[in-house]
Amino acid sequence: MSAEEVANAFVNHFYQTFDGGVDALAGLYNPQSMLTFEGQQVQGSENIIGKLKAVGTVTHTVKTIDIQPSSSPNSIVIFVTGAIQIGGDNPLHFCEFFHLCSTGPGQYYVHNDVFRLNYGL
Amino acid sequence: KNAACQVVRFIILDQPHRSKIFVGINTHTTAAIVAQDISINMSAEEVANAFVNHFYQTFDSGVDALAGLYNPQSMLTFEGQQVQGSENIIGKLKAVGTVKHTVKTIDIQPSSSQNSIVIFVTGAIQIGGDNPLHFCEFFHLCSTGPGQYYVHNDVFRLNYGL
């Protein structure tokens, strides 16, 4: 698969899984993975899933996906913007960055994950 | 050496108890910014914060001076349009016109490669005289030596409409 195909497949999988059952995302992270969610930073798969679960019920609507090759071989930079509905609230803008790193042919994990809401001007 | 010679290195320290700005010398200007005591023992956070401040201040006042931050491998995706290399990147940024950035948040993480830093910025941008819009921008800052960084990846998106 090309980097673009990998990235697009990843993004679709990520948000569908997040919205359907966050636990299933655990395999995407390893002990080095880092998540910064609205400024709060955690490391490692367990802590990351814990933080994502604490968000509650969410629905993501992806608006844009930008993809670039990273500086290390077989690593991909993915930049997503869209809308997120948390609980029953009105949708808010969000942007999220993923650094997808390869551990072998067709195998990727998320090394960096940064999520921010965009609200208020 | 030639008319296109640009900034080749930057180390930005904006803490009063340390150094001032060292920026490479642009041959077009006679006003060189002189290095004082340069400390290269900056944490990733200090580097990232200094970079972000430098980047947007420079962008807002004179985009050309950003050229030294990029090299031939650097890639920019600006509102979905992708370009590579310092010259093309500066060209794309210049085409935006007069802008004013207001940074709201900066998130920093160590990247997967050594001495590389992931920087994620959100804020407001005013293009021309228009109302401010939300923006988010990602930088992958990679080190080429002690205290020397370049931007390998740069992705910019506006956030508008729901």
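**Entry 1, the interface.** I looked up the area buried between chain B and chain A: about 2900 Å², with carbon and sulfur atoms giving 57% of that figure. I note here that the model is predicted. I then listed the residues in contact and found 36 from chain B and 36 from chain A.

I searched for salt bridges between chain B and chain A and got two. One that I looked at joins B:Asp107 to A:Arg116, where the closest N and O atoms are 2.7 Å apart.

I asked which strands supply the side of chain B that touches chain A. At least two residues each come from β3 (75–78), β5 (99–110), β6 (116–127), β7 (133–145) and β8 (148–159) of chain B. The most come from β7(B), which gives eight residues. Sorted by class, this side of chain B has 16 nonpolar, 15 polar and five charged residues.

I turned to helix α1 of chain B, residues 44–61, which has 18 residues. From first C-alpha to last I get 26 Å, close to the 26 Å expected at 1.5 Å a residue. Which residues of α1(B) are buried? My list holds B:Val47, B:Ala48, B:Ala50, B:Phe51, B:Val52, B:His54, B:Phe55, B:Tyr56, B:Thr58 and B:Phe59. For reading such a list, I keep in mind that an α-helix has 3.6 residues a turn, so residues three or four places apart point the same way.

Technical notes: Residues are numbered from 1 along each chain as its sequence is written. Chains are lettered from A and ligands numbered from 1 in the order in which they are written. This is a predicted model: local features need pLDDT of at least 70, side-chain atom pairs count only at pLDDT 80 or more; totals for chains, interfaces and linings use all residues. Side-chain values use heavy atoms; hydrogens and water are left out. Helices (H or I, at least four residues) and strands (E, at least two) are DSSP runs, numbered from the N terminus. The expected span of a helix is 1.5 Å times one less than its number of residues. Buried means under 20% relative accessible area, exposed over 50%, partly exposed in between (1.4 Å probe, protein chains only). Contact means heavy atoms within 4.5 Å. Buried area is the accessible area (1.4 Å probe) that two parts lose on being put together, summed over both. A salt bridge is a side-chain nitrogen of Lys or Arg within 4 Å of a carboxyl oxygen of Asp or Glu. Ala, Val, Leu, Ile, Met, Phe, Trp, Tyr, Cys and Pro count as nonpolar, Asp, Glu, Lys and Arg as charged, and the others, Gly among them, as polar.
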